[in-house]
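Please consult the sequence and structure shown below.

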Amino acid sequence: MHLKYESFVREPLVNGNKTYAQVTEDICRPIEQKPTRLWYMGFFFSLLLLGFGAFSVTWEVYWGIGTWGINRTVGWGWDITNFVWWVGIGHAGTLISAILLLFRQGWRTGVNRAAEAMTIFAVMCAGQFPIFHMGRVWNAFFVLPLPNSRGALWPNFSSALLWDVFAISTYFTVSLLFWYSGLVPDFATIRDRAKTKLRKHLYGIASFGWTGTAKNWQRFEALSLVLAGLSTPLVLSVHTIVSFDFATSVIPGWHATIFPPYFVAGAVFSGFAMVNTLLVLVRKIFRLEDYITIGHIEAMNKVIVLTGSIVGVAYITELFMAWYSQVVYEQQAFKWRVLGPYWWSYWAMMTCNVISPQFFWFKKLRRNIVFTFLLSIVVNIGMWFERFVIIVTSLYRDYLPSSWTYYSPTWTEMGFYIGTFGLFFTCFFLFAKYFPVVAIAEIKFVLKTSGDNYKREMLPLEEKSVEEFVHIVEHAH
Amino acid sequence: MSHKKYWKGIEELEQTPEHQQAVANEFQQDLPVLGLSDKLLDATTPRRDFLKFLGFSTVAATLAASCEMPVRKAIPYAIRPDAELLTPSVPNYYASTFSDNGDSCAVIVKTRDGRPIMIEPNTLSTVTQGGISARVIAATLSLYDTARLRGPYVNQQPVSTWDKVDAPITQALANAGGAVYLVTGTINSPTTKEIINRFLAKYPGSKHIQYDAVSYSGMLLANEMSYGKRALPTYHFDKVQTVFSIGADFLCTWLAPVEFSAGFSKTRKILGKDAKNATMSKHYQVEGMMTLSGANADERATCKPSEYGKVASALYAAITGGSVNTGSKNVDKLIVAAAADLKKGNGLVVCNSNDVNVQVVVNAINSAIGANGTTIDWSATSNYKQGIDSEMVTFVNALDAGQVGAVLIHGVNPVYDYFDGEKFKKALAKAKVSISFNDRLDETTQACNYAVPDNHWLESWGDAEPRTGYYSFMQPTIAPLFKTRAFQDSLLKWTGADLATDNYHNFYNQYWVAKLGGQSNFDKALQDGVAEPASPTMSGASFSGNVADAMTKASAVKGGAYEVVVYETMAIGSGGAWSNNPWLQETPDPITKATWDNYVMMAPLTAKTQFDAELSGINEVVRERRVVKVTANGKTVSLPIVVVPGMHKDVIAVAVGYGRHEKVGRASTNGQNAFPLVGFNGQTFGYASEAKIEKTADLYPVAITQTHLSSENRPHVREYTLEEFKKDPRGLINERKEELKHFTHLEWEGHEADDPNADFDEEGFVKNGTMYPVHEKPGIKWGMSIDLNTCTGCAACVVACQAENNVSVVGKHEVMKSQEMSWIRIDRYFSGNPDDGDSIQAIFQPVMCQHCDNAPCENVCPVSATNHSSEGLNQMAYNRCIGTKYCANNCPYKVRRFNWFDFNGADAFADNQYEDGQRDDINDSLTRMVLNPDVTVRSRGVMEKCSFCVQRLQDAKLVAKKEGHPLKDGQAKTACQVACASNCITFGNVNDKESEIYKVRYEDNKERVFYMLEQLHILPNVNYLSKIRNAKEVLAGNGDKNNTRDEMANQHI
């Protein structure tokens, strides 16, 4: 008997009586069918949002940044808020695929594909903001260390914005590679099942001639491990560097050593919330409840309550440090952040990010799909406010009271943000239709240890005494 | 020559056939395309064609995709003009004289390639003493105003030739039956007066009426009653010990503010090294509204304008030993203290009341304290204002009665600025012929039959006599841009003169050559711009007025529950062309920091309790202001409330010059005309009247640049009383030493602070306050020092900077979004109890880029677009900037300015200038003539900021180099420094120990030196000198967060 025993304390990662064939069948089904009406509606609505975003950005580029509400005092508003927000969301995928892979967390297999896709789309959305917030976007390439005819003219390597360029582009590249390499065996599966020529051809190209030989698999595993190793530090570094955009400045409320861990925790927090939002929908729409189980959702929710508490501690630490510093500018900055004209943004942040995740201490709520869905949205609203609070409420009342002012976004800024939702969901709808949303190959790895039916086969073993069990294990073939 | 042969190999030596073949073959190795090479060359599109295709398609794609670039007209000098007159790109400077209805100012006009682009003060004038005002500087923009008339008009229609106006006008004047009236502003030009006399002589019975929109009739008549002279004396503010001003804003708008601020600043200079014996003048102010002078006063109290007579009488009583009771304890206290000071000598009392009786009392006081002959000079009178209100009123009545044949109007605009403009307009229609010389189709010109536009003063010959015997000359700096004609020439023409020979220019030359005794004297005078008496004398006058009667009448003036003051702003004045000057419109008012509008200034308490317009800590959130209806003298205007601490609780103030007709210019239409609120008491106009105020449900947005009013007890402004400073001059040094001691020395180096006499160790702070290596700064290191004691907040520097550096105007809508672009701003902080107008103190702090040596903006720029020069300048490479705005965020002074839109048409997109109507006219080819060619016009999307006028610094260095000596101190001056009438900006090379800036900073005034936000170790190159108030106490916190005196800061308003 081939023994793949996993403790019954762990719940199955795949529900139902699944065979390898069944797994393939379930996951490939949406790809091989005509899309539903719901898909079309969703897709075209996303396109509409994307179109509006493109219009807003065109308007801004044509007329100038002045069409936004930012001003001499508050130089960054919704643009960088959205940037940091999207980058934060983009953290979950790599965390799930890389760090959890290294930690051998089996449950990641159900969610990693969608989470990685989300990461890539979120980083694409995030990238729009630093590009189009430039006054002269047509010169955006100045940030690249390109050889040029202007003498030895380099970008400024001591600028955190430049570090951002490298951090985000590296992160995007590695995430994309990681995601795509995982997709290769699954594309091959679809190719092999394809009934139309076009599908066979396209998935054939996409699967790079995967044949499923042992050598293929060996290399695949090696690559996964290398990429996981590469991405692990990136998960921590990207948001650390994004936090440097603020932490290396002289502005009270920005200039804080706590920022890197605080930003990373916040990023994981918002990323997991976004993964939850999407998975709850995907499992429902594509009937993948057997693969993305309540257990998955609960695991995600545990991470949310942990990271939510970390950011809560960070918020309170910031307030404490401001008071403890006895520096009037620090103290006032936080006073105006909490009690000034932007009080509502601070308290929205506190409520959504610190108070609401605490409900996840209750197992019943962690395993409640509707509650999870609602809370995942609340958390992302809260995290948006966190970035808004950090950026805008640090700037609007800084050193010299003469320059204090207020900032409200205009329709172009909002349109830009809405447009990135359009971009994100357009990509996600295409992904859900054309790509296997759950990693087929990886599910199969865990199916026989963690699949419901296989676990049930192990039930008799549970009845055995320890001596008998040891005997079986030792004589297992 | 030898016949040695060199060979590269044995093959070459032997010339093998293989070798010969190889040499013949150009490509000795096979082409990388190997077997294809033959085919490739024979292909239908061979290799060479490929390049053609590539080239063609690239060009085609470029042409198809490229935006059409706007064509800019730049016409080179094909034939070089007179080399002595003009070298392209080398500026010429001409002395001239600004002149605007009696206001005059000796100036130097900088012209580039024949265009006047910058106006600077003429330091040779002892009248203005090197001072200038925002309005004078902004005149270049008015020259290029698109709303100016481009030729004569008949009945609102342009006509092509002068004959078409001259012939009918001459006819009409002849038929006017002698009832010809020439209405002008105050004329203080001797030659123009001659021309006018000649014109009046031609038409017997004709009259010249001088009319001042904001008049000083009350003073003129009072002086006639008191001294027998209908004239204004010369006030010597540079000689005063104590000045007591009753409502007169002599630092901003009253009579001759340039002359007065320049003079007064001399009495406000304090040297730290002489601290123990420091003296400065003392400035008392009693007023109804918050004026700039009030904001700068040492001691201030408020009363209603109707009580000015009472205040003057009480002051007279206090000086002559009587009892003081004005009904306000604060005012009484002030009067008693002031009386004692005034009696010490060199006192001066001024008052802005246009009430003859009040001015008689003021004269009596000045006489009693011996001001005549010490601070008031009657030997040379001031000629700024000569209009007598009643003459104008009589004329309007005659006009209304149909008794006037012809009206000629020059410079003034009675339909707009006469207190009963409606009546004037109706009456004007009854005149047989009406002619306007105004430069645009303003309200009055629209009602006239003929418009015969006068030249702009920058296009004119002329002169001015601001003070009797002190002449100031005007010469054209550009040929008339349009088909306009000098006012004097028009008058001459209509006397029948042949302008070819008998013209104003000829007359002017003859007049001055004769008067100055020869052509060379005149040439010199013209070059200097001024001719002044060699040894000025000073004399008093004896008071012979009936003071008792005046006091009774002045004290008996009845006030109202509310009173409205109609005032001129620093920028717009009484209107005229200034209303359509975007530079001035966008210059924040010194007190309210509002732009583009007029409004009702109101005390916080009144606004809060009566009109639902609270002054609170979240002012910056709400741009919408409550609108109230103000009714005075039977007329009503509806305007938004701007709450201003320091106003008397029952006094409101409304500025004139706003709410103009759209033909005056698109920038001028905001706000309402406040002139109808002016009253007439049968003798003089009254600029303060009883008013009724009604709250409305309307709101109106006002564009205010600084919405937070208090300094929050923060230490970026420093002020001390004179007493405090004398007692402990080193207080500030010790405070800096204490604050930064951990950074000035390393722990193991010992404690420099142990030596109580040591100065702040700036060098140690630079070196030890950082973990990075310190750069040596040899050669030039530019530095600036700003004396907060003499800065009055007048904003001349703001406009000078705008003119010099091509700083964009952004329009009201953008100012409301805090997207303004000014490179230098004047921060104004109030302290005191907002509910008690008497307690308010104000401080002004000009802030521009501080050129930090350790600049936080520099290290955050991803592309190094902002970087540091070896001379200590924080500089911008506009071409490199991509506009991330990180530098602006990271600037603790918030002085960096972003080009939010294509404000200058410097963009790749052709038609994307944001259209809100107010800025359009500043971007066409006419208005763009005002741009300074030495300064890059920034395109949309780049950051900009103060450059310390780097173009001037470079120019000065080049001049010094050509002259063959190191740069001399004072050779390089920034535009703001030159424009400052009170001389509060010192600039120069800090490494030069002989320089003024070095002396200020490290020798003469080191006790008062502080740097804003010094503790950040960003090492700014701009320092400030603390403000010393000659007052009992200072309310602001100076960094003491437990300060309870400043209620404004405690309420976070």
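How does the radius of gyration of chain A, with 477 residues, agree with that of a compact globule? The model is predicted. A compact globule with 477 residues would have a radius of gyration near 23 Å, and chain A has 24 Å, so the value agrees with that expectation.

**Chain A: overall fold**
- Chain A contains 19 helices and zero strands.
- Along the principal axes, the C-alpha atoms of chain A fill a box of roughly 80 × 55 × 45 Å.
- Buried residues make up 50% of the 477 residues of chain A.
- Of the contacts in chain A between residues at least 6 apart in sequence, 84% join residues at least 24 apart.

**Interface between chains A and B**
- On the chain B side, 51 residues are in contact with 41 residues of chain A.
- Helix H30 (856-860), helix H31 (886-889) and strand S36 (897-898) of chain B each supply at least two residues of the side that touches chain A.
- That side of chain B comprises 20 nonpolar, 17 polar and 14 charged residues.

**Strands S10 and S11 of chain B**
- Strand S10 (residues 282-287) of chain B pairs with S11(B) in the parallel sense, over four bridges.
- B:Thr302, in S11(B), is the bridge partner of B:Glu287.
- In a regular strand, side chains alternate between the two faces of the sheet.
- From strand S11 (residues 299-302) of chain B, B:Glu299 and B:Ala301 point one way, while B:Arg300 and B:Thr302 point the other way.
- All of these residues, B:Glu299, B:Arg300, B:Ala301 and B:Thr302, are buried.

Conventions
Residues numbered from 1 in each chain as written. Chains lettered and ligands numbered in written order. Predicted model: local features only at pLDDT ≥ 70, side-chain atom pairs only at ≥ 80, totals over all residues. Rg over C-alpha atoms; globule rule 2.2 N^0.38 Å. Buried ≥ 20, exposed ≤ 12 C-beta atoms within 10 Å, placed from the backbone. Contact = placed C-beta atoms within 7 Å. Nonpolar A, V, L, I, M, F, W, Y, C, P; charged D, E, K, R; others polar. Pairing = 2+ DSSP bridges.
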